[in-house]
Amino acid sequence: MSDEGSVPPLVALRGVTKRFGAVVANRAVDLAVRPGEVLALVGENGAGKSTIVNMLSGLLRPDEGSILVDGRPVSLDSPAQSVRAGIGVVHQHFTLVPTLTGLDNIALAMPELGLGRLNRRQIGQAIDTAARTLGLSVDTTSRVEGLDVAQQQRIEIVKALIHKVRLLILDEPTAVLGPEDKAHLFDTIRRLKAEGTAVILITHKLEDIFAVADRAVVLRNGEVVADAPAAGLTPDDVVLHMVGSGDRDQARAIVTGETTLRSSSASGTDAVCRLADVTLRRSNGSIAVSGLSLDLHGGEIVAIAGVDGNGQSELMRVLAGMDVPLGGRIECLGRDSAGSAWTAAHLRRAGVAHVPEDRRRSGIVGEMSLARNYLLRHSDRRALVRHGMVRNSALQRLVRERLALFDVRTRGADERIDQLSGGNQQKFVLAREMDGDPRLILAAHPSRGLDIKTIRFVHGLLEEARQAGKAVLLVSSDLDEILRLADRIMVFAAGRTFGPTSRGDIARDEIGAWIAGHASGPA
Amino acid sequence: MDEALFLSGLLAAGIRLATPIALAAIGETISQRAGVINVGIEGIMLVGAFVAVLVTVSSGSPWAGLAAAILSGAAMGAIHAVFTVRLKAEQIVSGIALLFLGIGLSGYGFRLTLAQGGTAVQVPGFRELDLFGLAGVPIVGPILFGQHALIYLAVIGAALLAFMLSSTRLGLMIKAAGDYPQALDAAGGAVDRVRFLCVMASGAFAAAGGAFLSTAQLWGFVENMTAGRGFLAISCVVFARWNPLGAIVAALGFGIADALQIRMQAGYPGVPYQFFVIAPYVVAIVSLALASRGSRMPAALGTAFSPQR
Amino acid sequence: MLKLMTGTAIVLALMAGTAIAETKKIALVLPGPVTDGTFNSAANKGIEAAKAKYDIEVVVRENTDFAQIQDVLRSYAEEGYDMIIGHGFQFAEPVMEIHAEFPDTWFVVNTAQVAAAPNVASFDNRWGDAGYMAGAVAGLYTKSGTIGHIGAIPVPVIEDYNKGFEAGAKSMRPEVKVLSAYVGSFSDIARGAEITTSLIEQGADVVTSTGNENVVGTIQAAQKAGVQAIGTAFDSQAMAPETIITTALINMDVNIDLAVGRLIDGSLKPESYVLGLNENGIGLAPFRDFESKISAEDMARIQAMMKEFADGTLPPK
Amino acid sequence: MTDRSDIARQAVIAAACIVALVVGAILLAGANPLSVAIGIGERALFTRSGFLEAVLRSIPLTILGLGIALAFRARVFNIGMDGQLIAGSVVAMALAPLVPLDAFGLLLLLSGGIVGGAAWGGIAGVIKGRFGGNEIIATIMLNYVALQILSWLVRGPMQETMRIIPRSDPLDAALRLPILFEATRIHAGLLIALAAVVAVAILARRSRYGFKLAVVGANAHAARYAGIDPRWIAGSVLTLSGALAGLAGAVEITGIYGRLQEGFAPGFGITAIAVALVARLNPLLVPVSALGFSLLYAGLGTLARNGVVPFPIINILEGAIIFVFLAGSVYVAHRAKRGQAETADG
C-alpha cells in the first residue's frame, strides 16, 4: 500500500467482495481515500469499477467485507444513507429526470426540503452559491432533455455537491466532454480538493490521471492490482497493470497507438456524399447548424469536433436517414434528401453504416439476443430473410462468423446483448455495421466509454476502412482521437461551422479555439 | 331568453355529467404520473357509490358518506398498489381484477344492506348549493354559484394537485417516479412508497366520483350504475396529457357533448338516436386525430420499478 | 283491483284441484340483476309469488349475457328442470334452437311472442295498451301541453309502449306535443336522469320512462324538477308520492305466476299468451294523492277509456 | 436476496388476504365456501357439456387474444377489440345476401369479417400512425361508436324482414360453419382459431414483421435507428389485430348465432387482454390461457346457475381468482430467481 499518511482515511473499503451469480465483480478489494485527495480509479471495462461506485452510493451491498467512514463501519443500504454519510456520486449514466429542469432535478435530491412547496428562488440561490465556489455555470431553468451532456454533467455535479459532501465520486466524467469542458472539470476538481473534499475519479483515460489525480488505483478482474501515487507512475506502468501484460513494449504500443496505416489522400475521387447549404434542426425545433456544405470522399476520414449538442447528433441522424434536413440538399450514394427514399432503411441498403452515439439507447435492443440485434440492421438481406421469414440458421452462422472476426467475447449468438460489457457491445455494433461492405461509415463517439485496448481496436478498424477506400465521418469530442485519425477536420460550435480543413493545416490550439467558438485560424 | 335557458340547462347538465368522470380522471392522472396505470377505477367508483349511499342513509349525512367512500376507495387503491407496486405484477391485469372485484363488492354489499327491504330507501343526499345567494342570477348563477359542493371540491382538488405537481417537492417525486424512477431512487426517494400513495389517492378520487353519482347527481345506488364512466375517465387522462386541470376540461368536454346530444335527440325524431349518442365519441376521435402532436405519456408508465440491488 | 282478486281466487281454486304432485323444478333466467327495481325485479317478484303459492323449487340466474343464454338454458334442461323461464325477447331464439332436444322441459319466454309445440310458450303484456293509458293520463294532466317518454333502448316492447303513449295522449288532447328520447343503455341511471331533465327543460311537465334502472333516474329527475311522472311496470309511487301520478302497470310478475300455475295444473299450452287489461297483464295503479288533483271530468274520461279497454273497443286497430 | 424472498412472502400474504375476503363473503351469504369451490370446478372440468361450453367460448377468446398479443408486443394498446369484432361481424353479415350459398360464400363471409375488423382497427391505426393520436383513447371511443352503430343497424337497414325483433335475418345454413362433433356446438371455428395460433406464432417469432414488432416494443429509438418506423408499425399492427378481432366476430356469427344481434360477445375484448397478458404475449400460450379463462367462466356460470350465492359474489370470485393467479405467478417467479441465485452463490 502507498503512503499511510497521518490523516486517517475518510472512506475505506476493507476486503470487499461482490458477486453477481457466478460472476465475481469485486474480490477482496481494499481501498482508501483521504480528505483533500484525488484518487483515480482505473481499469478496463468489466474490471469492477462501477460495482465499487454502486456500493459506495448505496445501490449495491457488498457480499463480504465492510465499508468504513471515518474509520467506523457503516452500512450503505440506500442512496439516502450514502448521502447522509457525506458521499456524493455523479454516475456515468446520468440520473436526471429528462422532463424536469435542472433546478427541479437538484431539488429532487434534497430530501431536507420535505415534501411541501418549493421555494425555487431560494434553491436557485443555493445552487448558484454551490456552482460559483466551483466556478461552474449551470442552466437550471431548461428541461434537462434539451441540454447537452456537459451541461447535464454540471447539473449532476452541483446536485451531488448541494449537500455537505466529503467524498465526490465521478464515474467516467471526461468521456463525454470536449477539451474546454474537460479543463473546466479539472478546475472544479482542484477547487474541491483545496476545500478538503476527497474525490474518486473513475476514468479510462490515462491523461486524466496525470492531470489531476494524487493517487491511482488500478483494478483488474475485480481485484486491486496497483495502488500508487500518480507522480510515481508512467502511462506505461498503468497500462501494464490494467491489461496485465508482462510486455512493456506492447503496453507502450497501446499507449501511443501506433498507426501503420496512413491517409491515401482521396480528394481526387468523386464524392460519396455531398452536403450543400444544409440547415439542421433540433428535435425541439431550434436550428442547430445552418449553411453546412461538405463533401465526403472515399478513402478519407472527416472528423467533426466540438462540444456535444452543437448539431453533430442532428447531422448524423440526417445522414443516416433518420431525419431530413430543414434546408439545403444532401446527395449520398445516389439518394437525394429531397426524395422519398431518404429513410434509414434505404440509406442502409445504399451502403451507409452507422455507429450511433448512444448504443445503449438506440444501437442495440438490450433484451434481445445478439443474433436478433444483428438482424436489426440487416433485415432486408436476402440471405437472412426470405419471403418475409427470418432464416435463423443462416443468421446464426453469419453472426458466429462475425463475432469471431471482431473478437466479441460472448457465450454465443443467443446470449442477450445486455449481458455483454460495453466494449464488447461496441465491437458487436462495429461487426454489424461493417458487414455488407458499406461505402460511408458514420461513427459517432465510437470509442466513448471503452477501455484502451478496445479503443485501439476501433481506431484500427476505421483506419482500415479508410485504406479500403470507404468514406468515414467521425464525430468525437475527444481531440486526441480526432488528431490521430482525421484527414480533414471540421468544428461545430455555437450554431456555426468551422472548416473543414486538412489536419496538417491546423494546430491543436486552433481547433481548441474553434471549439470554444472563436473564429481564428483558417475558416 | 329561451336560448339562455337552453344554454344554462346545457351547461348545468354538462357539468353534472362531467363531474364523476372528472373526479376519477383526476385520480387516474396522479396514479399515471407516478407510473401506475389503473384500469380498475370503474370498480372503485362503484364501491365508492355504494359506500357513500350506505353511510349516508345510516348516518343521515352525505358528508359522512363521502368520507367513507373516499376511505373505501383508498383501500381499493391499496389492493391495486399491493399487486402492482409491491408485487410488481402486470398492471393492466391487476386493474381488470380490481374492476371485477369492485363490481362484485358493491353489488353484494348493496344486496346485504340497502336492497334487503325490497323498497327504495330515501337517501338524504347532497343538494345544490346557493353560494352567496347568487344561484338565482340568470345563466351564470346556476353555473357558477348553484352547483353541488363536490363540484367545487373537484375543481379545488384538481387545482391543488396541479399546484402540487408543479410546485412542490412531492410533485417532483411523483413526476420522477413516473418518468424516470431510477433518478428518484438515486436521489434517495422511495419510488415504491410514492407510487403506492398515488395509487391510493387515485382510488380515493375515483370513489369520490362514485359518491357524486350516487349521492348528488342521483340519490340511490343501483348495480353497475357507473356504466363505463371509469373508462371514459382514462381517456380524459390521456386527452389532458396527464394534467389534472386538463382532465377536468376533457371531462367537461365529454359532459357538455353528452348533454348536447341528449337535447338534440328530442328535436330530431327522424334521425336514429344512436347517431346522437355516438356524437361525443366521434368528436373525441376527430379531435384526437387533429390535436395529438407532442403528447407524451410518462415514460415509465406501466412498468414496475426494481432497483438494482 | 277486483280483477286481481278474482284472478287470485281462480288460481287458488286451481291449486286446490291439482293436489299433490311431485315438486316441480323451475328456473328463471334474467338478463340483469334482481335489484334493478323494474324489469328484472318484476320477474323475481313473480317467481317469489309463485313460490309462496305452489310446491315448487326455484332457482334464479341473474345477469345472463346474450352469449351465455344457450348454455344456461341447456344446462338447466340437462339437470331436469321442468320449466325454464327466459325473461326477455332475446331468449326466443335460443329457446327455439334447443327446445326439441328437451321435450320434457317447458321453455317459457316472457315478454315475447313465440310458441312451438310441444314445449315452448310465451307470455307477453300489451305494452302498447299500457303506454296508451299512460299517455292518456299524461295528456290530460299536462299544463304545458308537452309530455315526454324516455326509453332505455328501442327494443320491441319499449317501442310499442312509446307508440301507445303518443296515441293515448293525442286521444285526449290532439294538440299535445310528445317528446321522445333514448338513453342508449338499460342501466345508466345517471344518463336516464339527465335525459329526463333535458325533456323537462324543453317544456315537458309529465314524463314517463321504460327500461330498467334508467326508470329510477327519470323519477328522480322529475322529483328534483318538481314535475310529474307516470311510473311504468311497478307501482313505485312510494318512491316519490309527490311526483308519481299513477303507474302504467305491466304485470310481468303475473305472467310468471300464470305460467307456473298452468304448469302445475297442466293447462299450459304451446301458445303465445298476450295479457291485456282483462287478463291483469296491464293496468293503471291507484291515483292515491292525485285523485283529488284531477278534475272529475278528466277522471271520468280516464274511466271511460279503461272501460273501452275492458270492452275491447280500445286499443284502436 | 432478502428482497426477493420478501416479495414471495408478500405474494403469499396478499393471496391469503384475497382468499379470506372471498371466503368471508361466501360465509356471509350463508353458503359453504368449500362446496362453492367444488361447484366451480365440477361442471367445467368434469362434465362433458361444461367442458365443451368452455371450449366453445375459448374460440373467440383465442383469436382475440392473439390480436392483443401481437399489438402488445409492439407496446400498442388495443383496447378496441370489442368494436373491431362488431365491425367484422357486421361486414360478414352484410355480405351474406351477395355471396354464393356454398363453402366459397362462407369463406367470403369470413374474409369480410377480417376486412371489417381491419378497417375498424385501421381507423385507430391511422389516428396513431398518421396523426400520433393515443390508441387507447381511439380504440375505447371506437368501441362505443361500433356498439351504437350495431344498435342502429339491427333496428334499421339490417333488421329482419319481419321487423319485430332488433336482429338480422338468419344466415343460410350453407353459410354456417360446420359443426365438428356430432351433438355439440363445437364448430369449425376451432380449427380457424388453431390455424390462427400457428399463423400468429410464425408471424410473431419467425417473420421479419414480428421481429420489427418486438423491436418497436422493446426500444423505439433502436427501431428508428434500424429504419423501422414505429408509427407505421403501430398503425399496421392495429389494423392486423383488428383483422383478427373481425375474424373472431365473423366466426361467432357463422359458427354460433347465425345472425346479427346485440350483445353477442359481451366484454370479450377486456377478457382477451387478460388472456394475452397471462399468456405473456406468447401466441402459443394464448389458446391455453383462453381455455383457462373459459373454464373459469364456465365454472362461475355453474355457480350463478345454482343460485347458491348471490350473483355479485361471482364477480368477486372472478376478480379474486385473477388476483390469486397474479400472486401465484409472482411467487413462482421470485422463488425461481431466488433458487437460481442460491445455487449460483453456493
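Q: What makes the pair A:Arg166 and A:Asp70 a salt bridge?
A: In this predicted model, the side chains of A:Arg166 and A:Asp70 meet at 2.7 Å, N to O. A salt bridge requires a side-chain nitrogen of Lys or Arg within 4 Å of a carboxyl oxygen of Asp or Glu, so the pair qualifies. Over all chains, the search of the whole structure finds 51 salt bridges.

Q: Why is A:Arg166 with A:Asp70 said to tie together parts that are apart in sequence?
A: A:Arg166 lies in the loop between helix H5 (149–161) and strand S7 (167–171) of chain A, and A:Asp70 in the loop between strand S4 (64–69) and strand S5 (72–74), so the parts joined are 96 residues apart in sequence. Helices (H or I, at least four residues) and strands (E, at least two) are DSSP runs, numbered from the N terminus.

Q: How many residues make the contact between chain B and chain D, and what area is buried?
A: Chain B gives 47 residues and chain D 51 residues, where contact means heavy atoms within 4.5 Å. About 4500 Å² is buried, 78% of it from carbon and sulfur atoms; this is the accessible area (1.4 Å probe) lost on putting the two parts together, summed over both. On the side of chain B, B:Leu87, B:Phe100 and B:Tyr108 lose the most area to chain D, together 15% of what that side buries.

Q: Which helix of chain B gives the most to the side that touches chain D?
A: H4(B) does, with 15 residues.

Q: How confident is the predictor in chain D?
A: On the pLDDT scale, the confidence in each residue from 0 to 100, chain D has a mean of 89, and 95% of its residues reach 70 or more. Over residues 341–346 of chain D, however, pLDDT is below 50. Where pLDDT is low, the predicted coordinates should not be read in detail. The model scores ipTM 0.84 and pTM 0.86.

Residues are numbered from 1 along each chain as its sequence is written, and chains are lettered from A in the order in which they are written. Local features need pLDDT of at least 70, side-chain atom pairs count only at pLDDT 80 or more, and totals for chains, interfaces and linings use all residues, while side-chain values use heavy atoms, with hydrogens and water left out.
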